[in-house]
Amino acid sequence: MTKVVEKYHFKKIQVYDCLKKSAASGSEIGQKIKADLDAGRLVSSDLVVAALDEEMSANKSNMYLIEGFPKNKDNIEAWNKKMSPKYHLKNVFYFHCSMKTLEKRLVSRGAKTGRKDDTPEMIKKRLEIYKS
């Protein structure tokens with residue numbers, strides 16, 4: 001993704017970083033996001049979109065690459081409801097891998113970054129929610 005960002009001059013937003021920033025802000029939205037992150041729950045689509053809206057409004061770029069979004073139809077519906085008047089969602093890249101591979105990658109990421117929600121137990125819980 002780094003090459004795509006550099007070549008086309010996208011502003012890259014990583015959803016998890018955006019959520020952490022919002023959670024740290026202490027805003028009403030941030031407090032709700034923090035509660036979900038601390039509990040290991042998936043953050044609702046409406047809250048994710050609200051955090052993205054704040055981040056994108058602060059950056060004033062014309063082109064974004066949002067890593068980790070959308071994850072499902074609910075994300076797209078929440079985006080369309082709130083963001084379609086402001087931003088045009090042009091492309092979505094979907095990379096498929098097995099759940100076992102995904103679990104391994106997330107555990108590895110957690111070991112490298114220290115993410116509290118990338119423990120094997122939390123990952124299994126999040127993936128079960130995601131699959132349902």
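**Close-up views of a predicted model**

H3 passes H4 in a left-handed crossing. The legends below describe this and other details of the structure, which is a predicted model.

View 1. The axes of H3 and H4 lie 10 Å apart and form an angle of about 130°. That angle makes H3 oblique to H4. On the H3 side the contact involves Ile29, Lys32, Ile33 and Asp36, which meet Leu47, Ala50, Ala51 and Glu54 of H4. Sorted by class, the residues of this contact comprise 5 nonpolar and 3 charged, with no polar residue.

View 2. H4 contributes Ser45, Asp46, Val49, Ala50, Leu52, Asp53 and Met56 to the contact, while H5 contributes Asp74, Asn75, Ala78, Trp79, Lys81, Lys82 and Met83. Of the residues in this contact, 7 are nonpolar, 2 are polar and 5 are charged.

**View 3. The largest nonpolar core, a set of 22 residues.** The members that touch the most other members are Leu19, Ile33, Leu52, Met56, Ile66, Phe69 and Trp79. H4 supplies the largest share, 6 residues.

**View 4. The surroundings of methionine 56, one of the core residues that touch the most other members.** When neighbours within four places in sequence are left aside, methionine 56 is in contact with Ile13, Tyr64, Ile66, Trp79, Met83 and Tyr87. Among these partners, Trp79 and Met83 are also named on the H5 side of the contact between H4 and H5, to which Met56 belongs on the H4 side.

**View 5. The cis peptide bond between phenylalanine 69 and proline 70.** Omega of this bond is about -5°. Proline 70 is placed in the loop between S2 and H5. Phenylalanine 69 is listed among the members of the largest nonpolar core that touch the most other members.

**View 6. Histidine 9, a residue other than glycine with a positive phi.** The value of phi at histidine 9 is near 60°. Histidine 9 belongs to the loop between helix H1 (2–8) and strand S1 (11–14). Its relative accessibility is 66%, so histidine 9 counts as exposed.

**View 7. Lysine 60, a residue other than glycine with a positive phi.** At lysine 60 the value of phi is near 55°. The residue is found in the loop between H4 and S2. With a relative accessibility of 69%, lysine 60 counts as exposed.

**View 8. Arginine 105 in helix H6 (residues 99–113).** The relative accessible area of arginine 105 is 55%, and the residue is therefore exposed. From C-alpha to C-alpha, arginine 105 and methionine 83 are 31 Å apart in space, and 22 residues separate them in sequence. Met83 is one of the H5 residues in the contact with H4.

Definitions and conventions. Residues numbered from 1 in each chain as written. Predicted model: local features only at pLDDT ≥ 70, side-chain atom pairs only at ≥ 80, totals over all residues. Heavy atoms only, no water. Contact = heavy atoms within 4.5 Å. Helix = DSSP H or I, 4+ residues; strand = E, 2+ residues; numbered from the N terminus. Nonpolar A, V, L, I, M, F, W, Y, C, P; charged D, E, K, R; others polar. Core = buried A, V, L, I, M, F, W, Y, C linked by side-chain atoms within 4.5 Å. Buried < 20%, exposed > 50% of the residue type's maximum accessible area, 1.4 Å probe, protein only. Axes fitted to C-alpha atoms, helices over the stretch in contact; angles between N-to-C directions. Parallel < 35°, antiparallel > 145°, perpendicular 65-115°, else oblique. Left-handed = near helix turned anticlockwise from the far one by under 90°.
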